[in-house]
Amino acid sequence: MKLLLTGVLLGSASWSSAAPKALLVGIDGAQYERIQALNTPNFDRLYINRAYTGGIAGESSQQSTYSGPGWSTIVTGNWVHKHQVTSNSSGLANPAYPSIFKRLKQANSNLKVASIVNWAPINTQFFTNDVALINKVQSGLSDTNVVTEAISFMNSGGDFTFVHLDGPDHAGHSYGFGSSYDASIMTADQQLGQLLNAVEQLKQTTGDDWLVLVTTDHGREATGFNHGNQTFGEKTIFIASNKVLNQEFSQHVTNLANTSFNNIYGYAAQTSITPTLLRHMGVEPQLSWQLDGLPLIGNLGVRKVMAGTNTDIAWYSDSTGTVDIYRNGTYVDSALATSPGWNDPATVQGVPDYSLVLNNTPVSYRGALSNVDITAILNWSTSRAYFFRSDNRYVRYNKTTDQSDSGYPADITNSNWPGLGNYKNLITASFNAENGKSYFFLSDGNYIQYDNATDKADAGYPKPTNNTNWSGLGNYAQDIRATLRWTGNKVYFFFANGTYSRYDLVNNSVDSGYPKPVNNSNWPGLGNYATEITEAVKWSNTRAYFFLSNQRYVRYSITNDSTDAGYPAAVNNTTWPGLLNP
Ligand SMILES: [Zn+2]
């Protein structure tokens, strides 16, 4: 008894001086089921459970089960609708949602932080600016060298170390599931063992408080060769820990609003890794950070947040406490944690970002889009387009990478669109005339001529859209809903009543015989949507897009002069990444 007491006292004395340290081991493309099936003695030293990636299919968080989106979710605690890394060829992640590297350095610049990776784009493509702030950055190393460098960094006093190993993903792409893949898992297990041994040694010599998490970016489809889609195998990841974690890690919840993929959403999400590491490091996740994930240590916040069947938000909680609900950072309501969800009584324009706070633990959820349409589009160049939205904001779109540039949407002001700012709520259509001028049409029957080279509205505008300025359009001045710069000298104007006119930019007049109805013989495939067109754009010499109300669009072949098969489709983060972001 006396010995035990002494031990407790000594123990608590050394714990109080223990510094938090963390190691995050990422093993690319490692299938949970193979780790469980094989002899992996070093994984056996850890607690492990299934988890999921890919966001929630069909919601704004849905993301491809590729490495770029997966690792970006792991190091930010957010899904693709926030980090905006949609593919392996994406550029910089959205700086509005920093990585754990930057979060740690912002909290305490003295922390020693490393990112040591085999797959270079994590450091060199997505989080280049964030890792510029940290102490050790190595990219493109062999797995063997990753382990050596990580141990060296930890031994030199490193506080947070991220390592990325690539063996299993490489084996999977080369050989599929089978003996080579299994061998790569066992090799990764040996490398994990070296890292765990180094941590054990440091714990004994320093008394520091180490959290080790191990995870993967994505699972694989049935053959093991591929990944990227939304299937149970590809969405399956794992989280392993040297510490006992909370119920969000250990409890599989099965009575959720969304039971897809064998109740995969009842497991922990990939977004929980960064909040867990931050909390362990003493950097408590803040509401303003809008993290989608919940820490797997300490107090439980609201769990399993998703779209409800009859409510805007559904969640799971065993707590008897009260949930404080914020929309876009502003408190709006409270609800019992035991209630199944919450309905937003307000009509929200755009995409609402909700934060739910329970037990001083925030978790965020980006709701469904509502009430934002594309009102005008300028095809600015072969690589850039501008989209104007009904919430008076605009998005710069990179046509080469096929995604919105980071930092958008932005407000339409007289500084970014000189001469347009006062009319932002009236813009109903626009086109680039391809002669150095662009035109904006306003719902009050006026228009603005914009000079592309000087990037500002010409003096003297707005002017009336009458038969002097736009011969043949005067009677429709307040009814223009969409414009489509076509090939040659032609521009199509679409009107609210489902008709359209063709305008000749050289004759400065509507061609004879117009307006005509938008039907399936004049515009094959568009006839059913004649009064729902909100804007159109010529994307290239062979392709145009029509945007429809309620966040839909149609791809139109200029070559075939017909709608492509499979349209209308939804405007979302897969089809138009970032275009409708809040
Ligand atoms: Zn891969």
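**Exercise 1: The sheet**

In this predicted model, 8 strands make up an open sheet with mixed pairing, ordered S4-S3-S5-S1-S6-S7-S2-S8.

Task. Determine which strands are the edge strands, and describe how strands S1 and S6 pair.

Solution. 
1. An edge strand pairs on one side only; this holds for strand S4 (136-139) and strand S8 (268-269).
2. In general, the strands of a sheet pair through backbone hydrogen bonds, in either a parallel or an antiparallel manner.
3. Strand S1 (residues 20-27) pairs with strand S6 (residues 209-215) in the parallel sense, over 7 bridges. Within this pairing, Pro20 has Asp209 of S6 as its bridge partner.

**Exercise 2: Helices on the sheet**

Task. State which strands helix H5 touches and which strands helix H8 lies across.

Solution. 
1. Helix H5 (residues 100-107) packs on the sheet and touches strand S3 (113-117) and strand S5 (160-165). The direction of H5 makes about 165° with that of S3.
2. Helix H8 (residues 143-155) lies across S1, S3, S4, S5 and S6. Relative to S5, helix H8 runs at about 175°.

**Exercise 3: The zinc site**

Task. Identify the donors of the zinc ion and classify the geometry of its site.

Solution. 
1. The zinc ion is coordinated by two OD atoms of Asp169, by NE2 of His173 and by NE2 of His227, at 2.1 to 2.5 Å.
2. Along the chain, these donors follow the spacing D-x3-H-x53-H. Asp169 belongs to helix H9 (residues 167-175), whereas His227 lies in the loop between S6 and helix H11 (232-235), so that the pair links distant parts of the chain, 58 residues apart.
3. A tetrahedral site requires all angles to lie between 85 and 135 degrees. The angles among the 4 donor atoms are 54 to 150°, and the site is irregular.
4. A residue is buried if its relative accessible area is under 20%. Asp169, at 7%, is therefore buried, and His227, at 9%, is likewise buried.

**Exercise 4: The surroundings of Thr65**

Task. Is Thr65 buried or exposed, and which residues does Thr65 touch?

Solution. 
1. Thr65 is located in the loop between strand S2 (47-52) and helix H3 (67-76).
2. With a relative accessible area of 1%, Thr65 is buried.
3. Leaving aside residues up to four places away in sequence, Thr65 touches Thr53, Gly54, His218, His227, Gly228, Asn229, Glu234 and Lys235. One of these, His227, is also a zinc donor.
4. A polar atom of the Thr65 side chain lies 2.8 Å from the backbone oxygen of Asn229.

Terms used
Residues numbered from 1 in each chain as written. Predicted model: local features only at pLDDT ≥ 70, side-chain atom pairs only at ≥ 80, totals over all residues. Heavy atoms only, no water. Pairing = 2+ DSSP bridges. Helix = DSSP H or I, 4+ residues; strand = E, 2+ residues; numbered from the N terminus. Contact = heavy atoms within 4.5 Å. Axes fitted to C-alpha atoms, helices over the stretch in contact; angles between N-to-C directions. Donors = N, O, S within 2.8 Å, 3.2 Å for Na, K, Ca; no water. Tetrahedral: all angles 85-135°; square planar, octahedral: opposite > 155°, others 65-115°. Buried < 20%, exposed > 50% of the residue type's maximum accessible area, 1.4 Å probe, protein only. Polar contact = N/O pair within 3.5 Å; in protein donor to acceptor, adjacent residues only side chain to side chain.
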